[in-house]
Structures are given as C-alpha cells and as structure tokens.
Amino acid sequence: MSDLPDNISFGTDTIFNLIGEGNFTSIGVLVDENTRKLCYPKIYERLGEHHLIEIKSGESNKNIDTCNVIWDQMTRAGFDRNSLLINLGGGVIGDMGGFCAATYKRGISFVNMPTTLLSQVDASVGGKLGVDFHGLKNHIGLFKDPEHVAISTEFLDTLPKQEVRSGFAEIIKHHLIRDKSGWENLRKTPWEGLSWKELIPHSVRIKSAVVASDPYESGLRKILNLGHTIGHAIESHLLGGHSPVLHGEAVAAGIICENHIAHQRGMLSQEHLAHIQHYILSLFGKVAVPEREHDAIIHQAYQDKKNKQQRIRAVLLEAPGVPKWDVEITAEEIRDSLAYYASLQM
Ligand SMILES: NC(=O)c1ccc[n+]([C@@H]2O[C@H](COP(=O)([O-])OP(=O)(O)OC[C@H]3O[C@@H](n4cnc5c(N)ncnc54)[C@H](O)[C@@H]3O)[C@@H](O)[C@H]2O)c1
Ligand SMILES: [Zn+2]
C-alpha cells in the first residue's frame, strides 16, 4: 500500500509547528457547539492568538447562509490573504470551512483537524469542498487540498457511538473497493476487536491512493462512490425530515441496495452479497424507507453529480476489491433494490 501524502499526518503536532513558524497574519478556528465544548479545549493552549468562529452543528446548516456567517466573521476580524483557517470538526466543518477559506479573497490557507471518524477516514482527504443547496448534497463546491490534515484519535473519545458507526461505513466501503483480504478479516472481527489506530491509516491510504491517481474524478476515483448513488439519494430525501439519517447509515443502506442490483445483473455472487449484507445489517440495522417514499428517493438519484445526460450512474461490485464504475442503472432497478432492502429480515 502506498504511503500517505505529505499533507496528512497522525497527531496534531504538524499543525502547531506550521502555526509556530509565524507564516500567518491571523488564525481562525472554525468549530460548532460540540467541537467547541469537546475538542477545542484539547488544542486551545497550543493555538496562540486566534479568532474562534462558531457555527451551529449539523448537515442542515451546511449551506450558503452559514457560509455568510463565516465570511462575515473573517471579514470583521480583518483576515487578509495570509490568514489561516483551522477546521476543527467533522465533515460538515471540513467541507464548509474549506469552501469558505478557498473562496475568501480568492483563497486563503486552511488545515483540517477532523474530529469524527468519518471526517478522519474520508471527508478531510481528497480536496472536495462545498455545501448543500436547495436540499441537494454538496451541490455548490470546488476541489482544493488543505495545507495540512492532522488526524488524532483522541478526538474520537467523545464522539457518540452512532457517529462512530456512521464513519465506519466508509471504512467498510474502502475495504470493499480496494482490499479483498482486509475485508475478509474485517467481517470476521468483532466490533470490540477493531483498532482505530490501524483502520484509520489504512483507510486514509486507500482513499489517498485512489484520489492521487484520479484527483478530479474522471475515472477510478468514482469507485469511492460505492453505496453513494442510492445512499446519497436516501440521505438527501430524509434531510430535514423527522428522522434524518447519518451519512454513513445511508451509505450502508446504499451499499446493500447497489449490491442487490449487481447481484441481479449476475455480477456479484450470492455468497458475497450475503456476507456484506449480513455484516452491514448486524452493525447498522435498517434505515426506514417506506414504499411511499421510493419515488422521491429515485427523484433524488437523478440529481446525483455522477450522472450524465439524466442517466443514473453507480459503482457496482463484481466481488470485494473489484468495483466497476460508471455503470448505468435504471430507476426500475433502484425501485426494486429499495423494495428488496425493505423486505430484508433483521
Ligand atoms: N469532502 C468529502 O470528500 C466528503 C466525504 C465524505 C463525507 N463528506 C461530508 O461530511 C459530512 C458528514 O461528516 P460527519 O459525519 O463528520 O458529520 P458532522 O460534521 O455533522 O459531525 C457529526 C456530529 O458530531 C459532532 N462532533 C464532531 N466531532 C465530535 C467529537 N469529537 N465529539 C463529539 N461530537 C463531535 C458534530 O458537532 C456533529 O453534531 C457530510 O456533509 C458529507 O457530505 C465529505
Ligand atoms: Zn461518503
């Protein structure tokens, strides 16, 4: 497996060294109310002079209105182009803080200190930045790499279990697309036996190797979207509803649905289908997507950024470690897969 890119390290020292060199005229730390309470105290003393910018947590706040608040505070604090924004939080903070930094005065430096499992193994690696728009996930955004990403497992101590599990869906995904033998080990290891100190670097290596070979997602990088065509559609549909689903929970459901499509097409064997499904259901249970909502979910799938000419594209597995990308799937296949998912017994 390839090494980590130069801009990713484990532990937070690299960022404090970067700040300590005095390269920046102002330093902003972007937090939400949870990371201010639970993560900020862990780094506060090493920060030196800085401006704290707090926004409200949650996907429903990942939008242009919140960007206005961030740009406003940077402007009021007099940030010039040599300022640095530290994104201390999960994927929402990382995607939105990065977007705000990358567009403020045509772009200032930003670094990520990801504090959720999901942002450590996925969101803070790969340079995708952005916000949701009119209910469409990450509809407005751009590609730009952070100056640095410092991953520290100490932040995970305070993360609610449901959030840990959500991030774990991306770890499962990384194994399924790129590491067949790792997947066999993973599915046989009980939850309590998992080691974040091994799994996080492993996932980051997989993601960064894929991204390095196709930074702008013209081909191979699309494999990172396994489970996301249907998962995103479910997540977008439920966003703002009575029981919104976490990103990883939706992706876990999406993997099952997309595997069903792969199996129906004769691509994925019954054995692999069953193993993956059993593993995911045992950890995640099921997301409630009643039949009356299937049309709306299919409608969302048509909005996916991977589509071309209104045709829905997905990543389908031939086997663990063997993904095919840019596979066109039909609305009927999605409908059938949602019905299949709904019929599964726990
Ligand atoms: N850019 C990418 O490539 C990429 C990839 C995957 C996901 N994402 C995006 O990431 C977002 C999801 O990220 P997320 O799951 O980290 O969600 P999140 O940022 O909303 O964080 C989840 C919750 O955990 C809280 N929290 C964060 N760190 C904590 C800690 N250490 N202790 C206690 N609570 C903590 C947050 O306040 C929030 O309430 C989505 O918007 C998704 O689109 C982006
Ligand atoms: Zn994801």
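1. Which side chain of opposite charge is nearest to Glu293, and how far away is it? In this predicted model, the answer is Arg292, at 4.2 Å. Glu293 is buried yet has no salt bridge, because a salt bridge needs a side-chain nitrogen of Lys or Arg within 4 Å of a carboxyl oxygen.

2. What Glu293 does have is a side-chain polar contact with His237, at 3.2 Å. Glu293 sits in the loop that runs between α12 (270-284) and α13 (294-301). Setting aside neighbours within four places in sequence, His237 and Leu238 are the residues in contact with Glu293.

3. Now to helix α12, where Tyr279 is placed. Tyr279 has a relative accessible area of 7%, so it counts as buried. Beyond four places in sequence, Tyr279 touches Phe168, Ile172, Trp183, Leu186 and Arg187.

4. The largest nonpolar core has 67 residues, and Leu117, Phe168, Ile172 and Ile234 touch the most other members. Helix α11 (residues 247-264) supplies the largest share, nine residues. Domain 1 (8-158) and domain 2 (162-343) both contribute, so this core lies between them.

5. Phe168 deserves a look in your viewer. Not counting residues up to four places away in sequence, Phe168 touches Leu117, Leu186, Trp191, Leu194, Trp196, Leu199, Tyr279 and Leu283. Another core, of 20 residues, lies apart from the largest one and includes Leu30, Phe99, Phe110 and Leu129.

Conventions
Residues are numbered from 1 along each chain as its sequence is written. Chains are lettered from A and ligands numbered from 1 in the order in which they are written. This is a predicted model: local features need pLDDT of at least 70, side-chain atom pairs count only at pLDDT 80 or more; totals for chains, interfaces and linings use all residues. Side-chain values use heavy atoms; hydrogens and water are left out. A nonpolar core is a set of buried Ala, Val, Leu, Ile, Met, Phe, Trp, Tyr and Cys residues joined through side-chain atoms within 4.5 Å. Buried means under 20% relative accessible area, exposed over 50%, partly exposed in between (1.4 Å probe, protein chains only). Helices (H or I, at least four residues) and strands (E, at least two) are DSSP runs, numbered from the N terminus. Domain bounds come from an automatic or database domain assignment. Contact means heavy atoms within 4.5 Å. Lys and Arg count as positive and Asp and Glu as negative; His and the chain ends are not counted. A polar contact is a pair of N or O atoms within 3.5 Å; within protein, one must be able to donate a hydrogen and the other to accept it, and residues adjacent in sequence count only if both atoms are side-chain atoms.
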